[in-house]
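Trainee: I have a model open and would like to learn how to read its packing. Please take me through it one feature at a time.

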Amino acid sequence: MDVETILKAMDEDSVKAKIREIVAEKADDLQLLPEPLERNFADDSELEVIKAVLQDKDGEIESLNKIIEKLKSLLGLEKDAKEKANVTVELLSTKVDGKTQAIHELKSAQEPLLEDKKRLESDVITLSQKLEFYRDNFSDDLQILELYGRLSEQTRHSLSGIFKDTSVQGLIACGIQEKNISNLWDYAKSETVNGNNDDIANLISLFNFFFKRFKLAYPMLSLQDVNPGDSFDTQAHIKHSSSINTSGSINQIMLHGYVNSKTGKVIKPSVVTL
């Protein structure tokens, strides 16, 4: 029974009488009541005092009940928060586990890739070394092939008696023969003197490459040492038709000849302008 029901019951005469009987039986406990109640408990004012005390206690109980409800609410919120936090932690743990597994898989996949990278780097080094070797030893051969390929069809036809095989190996084999070197220089000189062949620059470069290789077998032969400003010598030089002067200093070397450096003999005189 709650306090409000008790207070309503205390307004009934039969209840009041019963309370008086109980109080009389418990006289020893009257010191617990307020002092006015101890002095005069026979009338209704005594009951009013008891009602007031009960009402105060009811207010306290109500306040306590409200506090309890707030505490319950807070505890419920705390419980919900803990449950949500636990769910969040579980989700994060699942994500961490997934990322850890992904990292492990990536590392596993990375290992063969690193091995492939090392192998490819090693292959690149090897190829670079081979390329350097070929460049040092065969770059002239490749340039000879390139120069020959730049010649016009008519010029290549004119050289067909010299170069019977136009592969790299064939060009080198034909071009370093003494007779063919001489014939190639004669053709280059003829075209230089005539001055109407657009291939003349490539022809001269081609002759110089072949002569460089030819000199390995005939070291006593060398290109003629002639420079602009040197005096023109009819025994050592051929005057080009574009020359302004008939004698005097050399203005330009159109085509170097070659000599026997041991004997000083001029084998092919240089074509120059004055």
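Trainee: Is phenylalanine 211 buried or exposed?

Mentor: Buried means under 20% relative accessible area, exposed over 50%, and partly exposed in between, with a 1.4 Å probe and protein chains only. Phenylalanine 211 has a relative accessible area of 2%, so this residue is buried. Keep in mind that this is a predicted model, where local features need pLDDT of at least 70, side-chain atom pairs count only at pLDDT 80 or more, and totals for chains, interfaces and linings use all residues. Residues are numbered from 1 along each chain as its sequence is written, and side-chain values use heavy atoms, leaving out hydrogens and water.

Trainee: How many aromatic pairs does a search of the whole structure find?

Mentor: Rings of Phe, Tyr and Trp (its six-membered ring) pair if their centres lie within 6.5 Å; planes under 30 degrees apart count as stacked, over 60 as edge-to-face, and the rest as tilted. The search finds seven such pairs. In one of them, the ring centres of phenylalanine 211 and phenylalanine 214 are 6.0 Å apart and the planes stand at 50 degrees, so the pair is tilted. Both residues are buried, and both sit in helix H8, three residues apart, which is about one turn of the helix. Helices (H or I, at least four residues) and strands (E, at least two) are DSSP runs, numbered from the N terminus.

Trainee: Where does the ring pair of phenylalanine 211 with tyrosine 258 sit in the chain?

Mentor: That pair is tilted too, at 5.0 Å centre to centre with 45 degrees between the planes. It links distant parts of the chain, since phenylalanine 211 is in helix H8 and tyrosine 258 is in strand S4 (residues 258–260), 47 residues apart. Tyrosine 258 counts as buried because its relative accessibility is 4%. Ring pairs join Phe207, Phe211, Phe214, Tyr218 and Tyr258 into a cluster.

Trainee: What describes two packed helices?

Mentor: Two packed helices are described by the angle between their axes and the distance between the axes. Axes are lines fitted to C-alpha atoms, for helices over the stretch in contact, and angles run from 0 to 180 degrees between N-to-C directions. Here, the axes of H7 (residues 178–194) and H8 (residues 200–217) come within 10 Å and cross at roughly 155 degrees. H7 and H8 are therefore roughly antiparallel, given that angles under 35 degrees count as roughly parallel, over 145 as roughly antiparallel, 65 to 115 as roughly perpendicular and the rest as oblique.

Trainee: Which residues in H7 meet H8?

Mentor: Contact means heavy atoms within 4.5 Å. On the H7 side the residues are Glu178, Ile181, Leu184, Trp185, Tyr187, Ala188, Glu191 and Thr192, and they meet residues of H8 including Phe207, Phe211 and Phe214.

Trainee: What does histidine 237 touch, leaving aside its neighbours within four places in sequence?

Mentor: Histidine 237 lies in strand S2 (residues 237–239) and counts as buried at 9% relative accessibility. Beyond those neighbours, histidine 237 is in contact with Gln224, Val226, Ser231, Phe232, Ile250, Pro269, Ser270 and Val272.

Trainee: And where is threonine 273 found?

Mentor: Threonine 273 is in strand S6 (residues 270–273), and at 4% relative accessibility it counts as buried. With neighbours within four places in sequence left aside, its contacts include Ile250, Asn251 and Met254.

Trainee: How many helices and strands does the protein have?

Mentor: There are eight helices and six strands. Buried residues make up 26% of the 274 residues.
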